[in-house]
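Please keep the sequence and the structure in view while reading.

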Amino acid sequence: MKTVMAAALVALLLAMAVTPFAEESDGAGIIVTDGIGNVITLDGPVDRIITVGTGITATVIGVGALDKISVCDNYAYRNTDSIFDGLRTLVDEGKVLAGGNIYSSGIDQLKKDIIYVSDPDTGNFDIESDVIVVTGSETYRNNIVPYLKENGFRNIMQWSDITEYADIIGFAKTISMVCNGKVVKPVEDMEYISDYVKEELAKESPAPKDAFYVTFSANVFKVGNKGSLANSMIIAAGGNSITLDPSQSTSTYETNLTELVSEHPGCIAFADNSIVSDQDKLKMLEAQIGDKATIVPLQSIWNNYTLKSSEGLWTMACAMYPDIFEGDVPSVDAETELGAVEYFLAGLGTVLVAIIGSYIFIWRRP
């Protein structure tokens, strides 16, 4: 009897010890909200998705759902970033359609592609259960959304713009839920990176580094302001954005770069890919800032609402605080695995103590 009691106690304690390793179970239904407040209810993860916008296409790929894309726009297909390599292959093989876009130059073909894949005789997209995601300004979204509603598409998700790094995380979580029924690890990494940077800076307490984002449009250099995603990433990486100007109503504005860097010597200029990929523009920028600032190039995919924005944030943190941050982009893996092992060992220790105690208690009983 004593042996049976002890064995039962051991089994119970071991079961308690391994509980943290139980896998997350997915719910039967999914309720998500898009960027303009529409609530979408799904029975489960979608089988297929249509992505209109480079950012959404990259995000769907980032959450591991490339094989679920039926249609994307030709801007994603033409994008040279390596994240789109697999997509380009599928388009070339005819497995994904990418002939159009949301603008006047491609809207007709985009409509044709969507209708083709949603026809039961020619495609694999279910207008009742699958999802279309459209990103862009209201003006451009109106080129396609009313048409989709008229043709019976039930689940249309929309985003106008995302200008804060924290909002990209929420966006990515929503897309991951739509595609997978859960938040996948790459999305968790996005949040982990920003939290890690914040925690390390809080521990080290360095003087905030002066920095700014610079881009080129309408034949002039412009700097980042509130409403600029790259500018928000500088702040999320712990920098002091020296171009925040409440008197300016736009997300970027023209200013005198020579005066700006003279007032903040040693600052960092995070240069848009449109500048660093063009030698003439880059030389113009170098001429205006001289040796008063360090130019750090940004990849175009970082300045978009994709999971790769986390790489941009990490690059900024490393550039501004090289004594604190260096090396590969941190991942939640190391912390999680270490924590799990420590938790297990602690739990195992508790179990062993309990087992020993239980045997002593049991065998000392008369």
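In this predicted model, Asp81 and Lys308 form a salt bridge whose closest N and O atoms are 3.4 Å apart. The pair links distant parts of the chain, 227 residues apart: Asp81 sits in the loop between helix H3 (74-78) and helix H4 (85-92), and Lys308 in the loop between strand S12 (293-297) and helix H14 (309-320). Both Asp81 and Lys308 are buried.

**Salt bridges within helices**
- Asp85 and Arg88, both in helix H4 and three residues apart, or about one turn of the helix, form a salt bridge with their closest N and O atoms 2.1 Å apart.
- Asp85 is partly exposed, with a relative accessible area of 38%.
- In helix H9 (residues 185-204), Lys185 and Asp189 are four residues apart and so are separated by about one helical turn, and their side chains meet in a salt bridge at 2.5 Å, N to O.
- Lys185 is partly exposed at 29% relative accessible area, whereas Asp189 counts as buried because its relative accessibility of 13% falls under the 20% limit.
- The count of salt bridges comes to seven.

**Surface patch**
- Tyr75, Tyr103 and Tyr140 make a nonpolar surface patch of about 280 Å².
- Tyr140 lies in helix H6 (residues 138-141) and is partly exposed, with a relative accessible area of 36%.

**Overall make-up**
- The protein has 15 helices and 12 strands, and 44% of its 366 residues count as buried.
- Its accessible surface comes to about 18500 Å², of which 52% belongs to carbon and sulfur atoms.
- Among contacts with a separation of 6 or more, 67% are accounted for by residues 24 or more positions apart.

Terms used:
Residues numbered from 1 in each chain as written. Predicted model: local features only at pLDDT ≥ 70, side-chain atom pairs only at ≥ 80, totals over all residues. Heavy atoms only, no water. Helix = DSSP H or I, 4+ residues; strand = E, 2+ residues; numbered from the N terminus. Buried < 20%, exposed > 50% of the residue type's maximum accessible area, 1.4 Å probe, protein only. Contact = heavy atoms within 4.5 Å. Areas by Shrake-Rupley, 256 points an atom, 1.4 Å probe, with all protein chains shown as cover. Patch = residues over 30% accessible without salt bridge, like charges linked within 9 Å, V, L, I, M, F, W, Y side chains within 5 Å. Salt bridge = Lys/Arg side-chain N within 4 Å of Asp/Glu carboxyl O.
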